[in-house]
Amino acid sequence: MTADARAALQRAGFSRRDFLKGSGTLIVSFSLWGLKDFSATAKAQAPGGFPSGVSPNSPPLNQLDSWIAISSDGTVTAYSGKEEIGQGIVTAQAQLVAEELCVALDRVTMVCCDTALTPDQGYTSGSQSHPANFNKRNLALAGATAREALIGLGSQHLGMPVERLTAVDGMIRAKDDASKAVSYGDLVGGKKFHVAMDGKAKRKPASEWTILGTPVHRLDMPALVTGQAEFVHNLRVTGMLHGRVVRPPCVGATLISVDEQSVEGLPGLVKVVVKKDFVGVVAEKPWQAIQAANKLKATWSSGTGLPNHQQIYDYLRNQKPTRDGLLVDSADVDRKLSEAAGVLKATYNYPYQMHGSVGSSCAVADVQSGKATIWSSTQAVWFLQNTVAMVLGLKSEDVRVIYTRGSGCYGLNGVDTISFDAALLSQAVGKPVRVQFTRREEMAWENFGQALVMDERAGLDAQGNIVAWDYEAWLPTLGGRPGTSSPGNVITGFLIGFQPDAFVPRSPSPPPAAYNNVTNAVPSYVAGCVGDVCRGKGNVKGERVLVHTVVSPFWTAQLRAPQRLQNTFAHESFIDELAAKANVDPIEYRLRHLSDPRLTDVVKAAAKAANWENRPYPRVGTGRIATGRGCSCVAYEGDNGFAAMVLEVEVDRDTGKVTAKRIFIGADCGPISNPDGLRNQLEGGALQGLSRALMEEVTWDNEKITSFDWRGYHVLPLGFDMPSIETVLLNRPGENATGAGELSITVVAGALGNAIFDATGVRIREIPFTPGRVKAAISKLS
Amino acid sequence: MSAITLKVNGSTHALDVDPTTPLLYVLSDDLALRGPKFGCGLGQCGACTVIVKGQAIRSCITPVQSVAGSEVTTLEGLGSIEKPHPLQQAFVDEQAAQCGFCLSGVILTAKAFLDKNSEATDEEIQKAMAGILCRCYTNVRMLRAIKRYARERVK
C-alpha cells in the first residue's frame with residue numbers, strides 16, 4: 001500500500017493500528033471507496049486495463065488479476081463485488097483472503113463494489129454474498145489460485161519443485177528448510193499475475209483455518225463507534241451543491257405547473273429543476289435547499305386513488321388479472337383431501353411493511369462533460385451504472401458507480417431512486433450535487449415489502465399425519481429493483497417518464513418445469529416432487545402450491561427475506577395448527593414430517609437449547625399474564641441456510657401486550673466464516689423480525705401513505721423490553737457456505753404466533769400482533 | 001446570515017450562517033463532522049444526537065443560535081480511533097453495531113445519562129434508551145456494551 005493510500009484510509013477512518021484489546025491483531029484498513037483522491041491511488045493499484053467483462057468497465061471475473069493484487073511490500077489488495085451493508089461481509093472477506101493466501105489479516109485490504117475497479121458480482125443482496133464468495137469460486141477461488149500461482153513462482157525462483165514448497169506468512173518457502181524462502185513481494189510485488197482463475201486450485205481445508213472461522217472483530221468497528229467512518233451522507237466533493245426533491249402530494253398525481261417565482265431570490269438557491277413530474281431544487285447549502293423545497297409552489301393533479309386499507313386483503317385476493325405460478329402439484333390433492341379423516345383450513349394475512357432505514361437515503365452525483373460518477377449505498381452498483389445512464393441519456397461506460405456506505409437498507413430502500421435524483425440534479429447544474437430525502441420522502445415513496453394473502457389447507461389421516469397440503473397465495477407487485485433497464489421500477493424513474501416493468505398475466509400456470517423453492521412458498525413438510533425428482537424437505541406426498549402475482553397499488557421490492565418470511569409465517573403457523581388438531585407436540589409433529597437432516601438438526605438444536613418439554617399444547621394460561629412458547633423453522637430458499645427458533649412469550653391478557661422473553665436459535669449456514677459476525681446477524685434478524693411481527697404495518701388513506709415517519713410507522717426502539725437470545729451454531733465444514741443474514745428473521749413471526757397460541761389458546765393469523773388485535777382475539781375466545 | 005461562535009469538541013469556530021439553521025447541518029456541512037447524522041429531521045430517531053451542557057440533544061431540531069457559545073460534543077469528540085472513550089471501547093469489545101448509522105444517538109445518549117445516573121439499574125438504562133432507534137436491531141449487544149461501561153466506570 002502506498003503512503004497516499006494509507007493517508008487516505010486514515011482520513012476515511014480506517015486505521016491500521018491495533019484496536020483490539022489484548023488480541024495483538026492489527027486492524028486492516030479497507031474502506032478506500034468514495035475518497036476524492038482515492039481514484040488515482042486505487043486505479044494505479046488496480047489490475048489490468050479492464051478488458052470487456054459483464055459490465056462495460058469492470059475487470060473480468062475469470063482473471064486472477066481482477067481479484068487479487070500484491071504490492072512490493074507484500075500487502076494484498078483484494079477486489080470484491082460484495083460490499084459492507086452492516087452485515088460484516090468485508091471483514092469476513094478479508095479473513096477469507098488472508099486465510100487462502102497465508103498472510104496476516106492486517107496485510108489484506110478489501111476494495112468492494114466500484115464499477116471501475118472491482119469484478120462485477122451483481123447485487124449484494126438476498127443472502128448471496130457468503131455463498132458467492134466463500135465457496136470454490138470467485139473470491140475464495142481467487143485466493144486459492146493466487147496461493148498456487150505464488151508457489152509456482154516460488155518454485156522457479158528457488159529452483160525447487162512445488163511439492164517441496166509451502167506458503168507461510170507471506171512467504172513461499174521450503175517445507176523442510178525455512179532458510180529457503182522468498183516473499184510474495186519479491187515474487188510479484190506490483191506486477192500482475194497474468195493467470196486465469198484455476199478451477200482446480202485447492203482451497204485450504206477448514207481444519208487448517210486459523211483466521212477464517214474465527215471471531216475476528218469487525219474491521220470497521222473502531223471507525224464506526226468514534227464517528228470516523230465515512231458514510232455517503234458525509235461525502236463532500238469539491239464544489240458540491242445540495243439538492244432536495246419535491247415529491248407529488250399523493251400517489252399517481254402528475255405535475256401541472258411549478259411557480260419558480262415562489263422561490264425567487266431565496267439565499268443560496270441555484271436552480272429549480274423540472275423534468276416531466278420530477279421536481280427538485282439545488283442550492284449552495286443543505287438548509288437553503290430544504291427551505292427552497294418547502295417554499296416552492298408546485299401544482300399537481302389529483303391522485304389515482306388507493307384501495308381501502310381495511311379491505312386490502314380482499315382487494316388483493318380479488319385482483320385480476322393474475323400471473324399464476326404452480327410450484328408443485330402431485331395432482332391428487334383434491335382426492336386426498338376428500339378422503340382425509342380431517343381437513344383444516346386457515347387464511348393468513350401479512351401487511352405491507354417498509355425498510356424504514358434509520359438514515360434517510362442519500363447520494364452524491366457528479367455529472368459533467370458527458371460523464372457521471374455516482375456515490376451511492378446501492379446494493380446494485382453495476383445495475384445502477386446502466387440505469388443511471390438511461391436516466392441521464394449517457395452511455396453506461398461513461399457512468400461510474402462507487403459504493404459508499406449507507407444506513408442499513410435491508411433490501412431496496414430509497415438509495416437507488418435517490419441516486420437517480422442526485423444524477424438528474426447534478427446534470428441540470430453541471431456540478432456535483434448531494435441529495436438526501438426527508439423522512440417523509442423516504443417512507444412515503446419507498447418500494448415496500450409485499451403484503452401477502454395466504455390460504456392453507458391440509459388433510460390428516462386417522463393418526464393425525466398430514467396426507468395432503470394445499471397452499472395458495474396472492475402477492476402484489478409493482479416495480480422493484482431497477483435491474484439493468486427499468487429505472488421506472490422506482491419513483492424517480494417513473495416521475496421522469498420510465499414505466500415500471502410490465503405486468504404479464506398468465507393464468508392458468510404452466511405445470512412446474514423444475515423444483516424451485518426460492519421464495520419458500522413450498523412448505524418444508526412436503527416432498528417437493530417435480531417429475532421423478534423430489535427435492536422438498538418433508539415427506540408429505542400430496543402437495544400443491546399455487547401463487548398468484550397481482551398488480552400492487554404501491555411500489556414493491558425486496559425487503560429482508562422477501563416472500564420467504566411471509567410464506568414461512570403461514571406455513572409455520574399452520575403446521576402448529578395441524579399439530580394441535582392432531583394433539584401432538586409441535587416439535588415432534590414437525591420432525592415426524594421432515595426428511596431433511598440439516599433442517600431437523602436445527603430444530604433439535606433450538607429445542608434442546610430451550611429445554612423444550614413435550615407437554616399438552618396449547619397450555620393456555622388463566623391468569624392475567626399468560627406464558628407460552630412456540631417453534632418455527634425454515635430451509636431458507638430451499639437450500640440457502642437452515643434455521644429454527646423457539647420463542648417464549650408473556651401475554652398480558654388484559655391489554656393484549658405480547659412480550660418476547662427468551663429466544664433460542666439453531667442455525668446452520670455451512671462452514672462458519674466468523675461465528676461472532678454470524679451471531680450478530682442472527683440476533684439482529686431475530687429482533688427486527690420481532691418488530692415486524694409485533695408492530696410494523698404501512699398505512700394509507702384514500703390517496704396517500706400516512707405512515708411517513710416514526711410516529712406513523714411503529715417499530716421497536718432500542719430501549720424495548722427485549723428478550724434474551726441464545727444462538728446455537730451448527731458448523732458444517734464439509735458443506736457449501738450458505739446465506740445467513742435472512743435466516744432468523746424468517747422464523748420469528750411463526751414462532752411468535754405459535755407462542756401466543758400456546759399462552760392464550762388464541763390463534764392470530766394476521767400480522768402485526770398488536771395489543772389491540774391480541775386483546776380482541778382473547779375477548780372473542782372468552 | 002450572522003456571525004456565530006460555536007465550540008465543538010474543544011475547538012472554537014467563528015461561523016457565518018443562517019442562525020435558524022439546525023445545528024446538525026452546521027456540524028455536518030460547515031465543520032465536516034461525520035458523527036451526527038440526519039436520520040429523520042424530526043427528533044424521533046436519535047441519529048443526530050450531540051451533547052450540550054451535559055444533555056443529549058437532537059441536533060436536527062436545534063437551531064444553531066441556541067447553542068452558540070456552549071460546548072458541543074459529537075461522537076468524534078468523545079474519543080478517537082487511537083484513544084477511544086471507554087464507552088466506545090465497550091462497543092468495540094461487544095461488537096455492538098451493524099451498519100453503525102445510529103451510533104451517535106446510542107452512545108451519546110447513554111453517555112449523558114450515565115454521567116448523571118452513575119448508579120442506574122439495568123432497567124433504568126434500558127428506559128433511557130427508549131427514544132433511540134437501531135433498525136439493524138443490534139439491541140442485545142448495545143445494551144450489553146452500555147451496561148458493561150456502566151459497571152466498569154463505578155468500580
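**Figure 1. Domains 1 and 2 of chain B have centres that lie 21 Å apart, taken over C-alpha atoms.** This is a predicted model, so please read each view with that in mind. Within chain B, domain 1 spans 2-78 and domain 2 spans 86-154.

**Figure 2. Here is a close-up of where domain 1 of chain B meets domain 2 of chain B.** On each side 16 residues take part: 16 from domain 1 of chain B are in contact with 16 from domain 2 of chain B. On the domain 1 side, at least two residues each come from strand 3 (49-52), strand 4 (55-58) and helix 2 (75-78) of chain B. Strand 3 of chain B supplies the largest share of that side, with 3 residues. By residue class, this side of domain 1 of chain B holds 9 nonpolar, 6 polar and 1 charged.

**Figure 3. Now we turn to the contact between domain 1 of chain A and domain 3 of chain A.** Domain 1 of chain A brings 13 residues, in contact with 17 residues of domain 3 of chain A. Helix 3 (89-101) and helix 4 (129-134) of chain A are the elements giving two or more residues to the domain 1 side. Of these, helix 3 of chain A gives the most, with 4 residues. The residues on this side of domain 1 of chain A are 4 nonpolar and 9 polar, with no charged.

Notes: Residues numbered from 1 in each chain as written. Chains lettered and ligands numbered in written order. Predicted model: local features only at pLDDT ≥ 70, side-chain atom pairs only at ≥ 80, totals over all residues. Domains from an automatic or database assignment. Contact = placed C-beta atoms within 7 Å. Nonpolar A, V, L, I, M, F, W, Y, C, P; charged D, E, K, R; others polar.
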